[in-house]
Amino acid sequence: MSEMSWAAVWGLVAGSALLLGAGLGYGVRVPRWLIASAMALGSGVLLSAAAFELLDEAFRQSGLAPVVLGTLLGALAYTAGNVALAGRGARHRKRSGHSPRQRQPSEAQQAGSGLALALGALLDGVPESAVIGVSLLDGGAVSLVTVVAVFLGNLPEGLSSAAGMRRAGRGAGYVFGVWGGIAAVSSASALLGYAVLGDFPDSVVAAVTALAAGAILTMVADTMIPEAFDDAHAAVGLILVCGFLLTFTLAHG
């Protein structure tokens with residue numbers, strides 16, 4: 001199998017966690033404390049992956065300037081997209097809908113919110129998946145740490161968001177259509193990350209890696225950590241640290 005095909009396969013593996021999480025969130029009444037714990041673990045995993053897998057690798061490739069520029073651009077781009085979609089009903093797309101003030105709107109409450117939620121899921125998923133393909137450029141072997149981190153981050157995202165979609169009255173066809181589509185896009189994003197950047201110099205690859213890291217860091221702060229601490233219990237901070245150390249250990253073990 002070619003490296004390009006492997007990029008698509010690994011992107012699909014990581015993206016499939018969204019569909020798995022959505023199945024759990026839509027079909028099972030998951031306790032609030034467990035959703036908060038899963039979001040805390042996923043937040044820690046992705047924070048560590050962005051810092052020690054993505055930004056550290058980008059710095060090793062090309063130094064500080066591309067890292068700083070790429071990270072800021074990624075954060076700005078994600079923030080702009082998130083603000084635009086938040087105004088159309090996607091602000092609480094990763095919330096499971098416990099608090100009435102932080103519940104996903106139904107289509108009747110806000111027309112077009114279904115599309116906004118789908119686009120928000122796409123905005124969240126593309127940077128994570130693209131870096132899987134980019135990781136293949138460094139020696140032809142995928143970064144398993146990145147794949148595991150994205151998988152573990154995606155699982156609670158799908159779980160919490162699907163639970164919120166169910167509370168908002170969205171049907172199974174919509175929920176699994178969204179997350180199945182995002183899983184497919186994850187595969188395509190990983191493939192494109194490998195194919196498009198393969199002939200570019202290291203400085204460009206490093207900047208794009210940092211851009212993805214900036215988007216991931218902003219996404220975690222904007223959408224995952226608030227859900228983790230919405231019904232915070234005493235161990236949420238500890239669980240986040242455990243997720244952080246899990247990725248750190250995988251990267252340096």
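Ala235 counts as partly exposed, at 27% relative accessibility; buried means under 20% relative accessible area, exposed over 50%, and partly exposed in between, with a 1.4 Å probe and protein chains only. The model is predicted, so local features need pLDDT of at least 70 and side-chain atom pairs count only at pLDDT 80 or more, while totals for chains, interfaces and linings use all residues. Residues are numbered from 1 along each chain as its sequence is written, and side-chain values use heavy atoms, with hydrogens and water left out.

**Overall architecture**

- The chain has eight helices and zero strands; helices (H or I, at least four residues) and strands (E, at least two) are DSSP runs, numbered from the N terminus.
- Of the 253 residues of the chain, 48% count as buried.
- Among contacts (heavy atoms within 4.5 Å) between residues at least 6 apart in sequence, 85% join residues at least 24 apart.
- The chain exposes about 10600 Å², and carbon and sulfur atoms supply 70% of this area; accessible areas come from the Shrake-Rupley method with a 1.4 Å probe, and for residues only the protein chains shown count as cover.

**The loop between H7 and H8**

- Ala235 is found in the loop that lies between H7 and H8.
- The C-alpha atom of Ala235 is separated by 9.4 Å from that of Ala40, although the two residues are 195 residues apart along the chain.

**Salt bridges**

- The structure holds two salt bridges, each defined as a side-chain nitrogen of Lys or Arg within 4 Å of a carboxyl oxygen of Asp or Glu.
- One of them joins the side chains of Arg32 and Glu227, at 3.0 Å from N to O.
- This pair links distant parts of the chain, with Arg32 in helix H2 (residues 32–62) and Glu227 in helix H7 (residues 202–230), 195 residues apart.
- Both Arg32 and Glu227 are buried.
- Arg60 and Glu57 also meet through their side chains in a salt bridge, at 2.5 Å from N to O.
- Because Arg60 and Glu57 are three residues apart in helix H2, about one helical turn separates them.
- Arg60 is exposed, with a relative accessible area of 53%, whereas Glu57 is partly exposed, at 21%.

**Nonpolar cores**

- The largest nonpolar core has 23 residues, and those with the most contacts inside it are Ala40, Leu46, Met219, Val220 and Met224; such a core is a set of buried Ala, Val, Leu, Ile, Met, Phe, Trp, Tyr and Cys residues joined through side-chain atoms within 4.5 Å.
- H2, helix H3 (64–90), H7 and helix H8 (236–252) each supply at least two residues of this core, and its largest share, ten residues, comes from H7.
- Leaving aside neighbours within four places in sequence, Leu46 is in contact with residues including Glu128, Ala149, Ile216, Met219, Val220 and Met224.

- The largest share of the lining, five residues, comes from H4.
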